[in-house]
Amino acid sequence: RYYGAKVTSVCGPTATAMVKDLGAQDVIDYTKTDLRNLHQKYDVVYEAVGKLSFSTCVKLLNKKGTLILGSPDFIQTLRGAWKSLTSKQKVVTDVVSQHADDINFLKRIVDEGFYKPVVDRVYPLDKLVDAHRYVEQGSKKGNVSISIMAA
């Protein structure tokens with residue numbers, strides 16, 4: 001949204017209000033809509049959590065669209081490379097390097113209210129295993145943070 005894009009979010013019914021508050025103009029409830037049967041096409045699909053199949057994501061793209069896989073496995077990385085080589089669609093699976101300018105940009109857009117980080121829970125470092133278990137349950141709403149306190 002910061003750059004003027006129209007944002008459509010996919011989530012369950014309990015997260016609809018949150019994603020609208022974060023800036024999504026349209027929301028698709030995955031419990032009511034089978035994305036494999038969706039006819040809408042998108043310029044960019046960002047698959048953040050690895051719940052959609054590679055083929056479903058590609059089907060949602062425009063002919064020159066870009067798929068960003070936030071947590072690809074090895075096979076998806078290979079399929080993405082092949083898709084990028086053999087079609088006009090692009091698949092991005094690379095690890096993104098971070099620079100001070102990137103962090104400063106994020107800080108600025110948080111301060112300006114364009115980006116609203118969502119933290120579901122905060123765990124102390126000694127509860128890291130519990131935090132990981134919670135994330136693996138697949139029902140977190142936002143991020144899970146680890147608090148590290150210097151002694």
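In the predicted model, D21 forms a salt bridge with K116. The closest N and O atoms of this pair are 3.7 Å apart. K116 counts as partly exposed, because its relative accessibility is 37%.

The count of salt bridges comes to seven. Among them is the pair D130 and R133, whose side chains meet at 3.4 Å, N to O. Both residues belong to helix α5 (residues 128-136). They are three residues apart, about one turn of the helix. D130 has a relative accessibility of 33% and so counts as partly exposed. Another of the salt bridges links the side chains of R121 and D120, at 3.9 Å from N to O. R121 is partly exposed, at 38% relative accessibility. D120 is also partly exposed, with a value of 24%.

The chain holds five helices and seven strands. Along the sequence these follow the pattern β-α-β-β-α-β-α-β-α-β-α-β. The C-alpha trace spans about 55 × 35 × 30 Å along its principal axes. The chain has 151 residues, and buried residues make up 21% of them. Of the contacts between residues at least 6 apart in sequence, 30% join residues at least 24 apart.

β3 and β4 pair in the parallel sense, over five bridges. The chain crosses from β3 through α2 to β4, and this β-α-β crossover is right-handed. Y42 stands opposite L61 in β4. β4 is in turn joined to β5 by three bridges, and these two strands also run parallel. T66 has K90 in β5 as its bridge partner. A right-handed β-α-β unit is made by β4, helix α3 (residues 74-86) and β5.

The largest nonpolar core contains 13 residues. L38, Y42, V45, F54 and L67 touch the most other members. Three elements, β3 (42-47), α2 (54-59) and β4 (61-69), each supply at least two residues of this core.

V45 is placed in strand β3. V45 is buried, because its relative accessible area is 10%, under the 20% limit. Leaving out residues up to four places away in sequence, V45 touches C57, L60, L61, T66, L67 and I68. V45 and L69 are 24 residues apart in sequence. In space their C-alpha atoms are 8.4 Å apart.

Beyond β5, T93 is found in the loop between β5 (90-92) and α4 (100-111). T93 counts as buried, because its relative accessibility is 18%, under the 20% limit. Apart from neighbours within four places in sequence, T93 is in contact with L69, P72 and T77.

Helix α4 has twelve residues. From its first C-alpha to its last, α4 reaches 16 Å. This is close to the 16 Å expected at 1.5 Å a residue. α4 is followed by G113, which has a positive phi near 85°.

How values were computed:
Residues numbered from 1 in each chain as written. Predicted model: local features only at pLDDT ≥ 70, side-chain atom pairs only at ≥ 80, totals over all residues. Heavy atoms only, no water. Helix = DSSP H or I, 4+ residues; strand = E, 2+ residues; numbered from the N terminus. Buried < 20%, exposed > 50% of the residue type's maximum accessible area, 1.4 Å probe, protein only. Contact = heavy atoms within 4.5 Å. Expected span 1.5 Å × (residues − 1). Core = buried A, V, L, I, M, F, W, Y, C linked by side-chain atoms within 4.5 Å. Salt bridge = Lys/Arg side-chain N within 4 Å of Asp/Glu carboxyl O. Pairing = 2+ DSSP bridges. Right-handed = clockwise from strand over helix to strand, strands pointing away.
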